[in-house]
Each structure stands twice: as C-alpha cells, then as structure tokens.
Amino acid sequence: MKQYSMSLACCWTSTDLICEDNYSSFALNALKSLIMAPLPNAELVQNSLQLYRYLLRCCKQLPEENIRQHYRHAVRQSFKVHADEDNPERIQQIIKRAIEDADWVMNKYKKQK
C-alpha cells in the first residue's frame, strides 16, 4: 500500500491512499465511513452545482480568513479542472470524494479550536 500526502483536502484530484487490491480498497472504504461521518446536509448533494455551494458553505465555517480563502480557491480550481467531465459515474465518484475531503478538513480545524 502506497501512501501519499493530502495537500488540498477539498481537491479530489489528489489521493491519500492507493490500495493494491480490491479487498484492501473495500476494507479501507468501510473503515473511512465509520470514522468520517458526513457533515450535515451532505446527503442532499446530488449534482455538481449543489456540491459547489455545499463546499463554499463549508469554507465559511473555517476559523481564519486566510484558511477560508485557501480552500475557496482550491474548490474553484477543482471545479475548473473537472468542468468538462461528462461521465455520470465519474461525477458521482468526484462528489463522494469531495464530501469526504471536506469532512476531513472540517474535522482538522475543529480539533484545533
């Protein structure tokens, strides 16, 4: 199992863990779902516009202005990068990953308070 750093948690283009086989991937996803419950209203996100608005609302909850600006920029850049995505399965995968990453960021700054 290779591990990579997660530089922009709101940006779903980077990966924190890559599993070598499907069983490890399944076990890792099950463990992540137990550890990281989604933020309120995350289950309502169904499309890219809803995701964009949800992520910007999450950014508003961050403690400092420079942190909020950093993640707002990361969200906007990620949407620009994936603007031409037309595969519905890939879009749902991106939405799921973005919500998980947003939850990670929010928990990170919640612990620092």
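Q: Is Tyr52 buried, partly exposed or exposed?
A: Tyr52 is partly exposed, at a relative accessible area of 24%. Buried means under 20% relative accessible area, exposed means over 50%, and partly exposed lies in between (1.4 Å probe, protein chains only). This is a predicted model: local features need pLDDT of at least 70, side-chain atom pairs count only at pLDDT 80 or more, and totals for chains, interfaces and linings use all residues. Residues are numbered from 1 along each chain as its sequence is written, and side-chain values use heavy atoms, leaving out hydrogens and water.

Q: How many aromatic pairs does the structure hold?
A: A pair of aromatic rings is described by the distance of the centres and the angle of the planes. Rings of Phe, Tyr and Trp (its six-membered ring) pair if their centres lie within 6.5 Å; planes under 30 degrees apart are stacked, over 60 edge-to-face, the rest tilted. The structure holds two such pairs. Tyr52 and Phe79 have ring centres 4.8 Å apart and planes at 75 degrees, so they are edge-to-face.

Q: Which helices hold Tyr52 and Phe79?
A: Helices are DSSP runs (H or I, at least four residues), numbered from the N terminus. Tyr52 lies in α2 (residues 48-60) and Phe79 in α3 (residues 65-81), so the pair ties together parts 27 residues apart in sequence. Phe79 is buried, at 18% relative accessibility.

Q: What is the geometry of Tyr71 and Tyr109?
A: Their ring centres lie 6.2 Å apart with planes at 75 degrees, so this pair is edge-to-face. Tyr71 sits in α3 and Tyr109 in α4 (residues 88-112), 38 residues apart. Tyr71 is buried at 4%, and Tyr109 is buried at 11%.

Definitions and conventions: Helix = DSSP H or I, 4+ residues; strand = E, 2+ residues; numbered from the N terminus.
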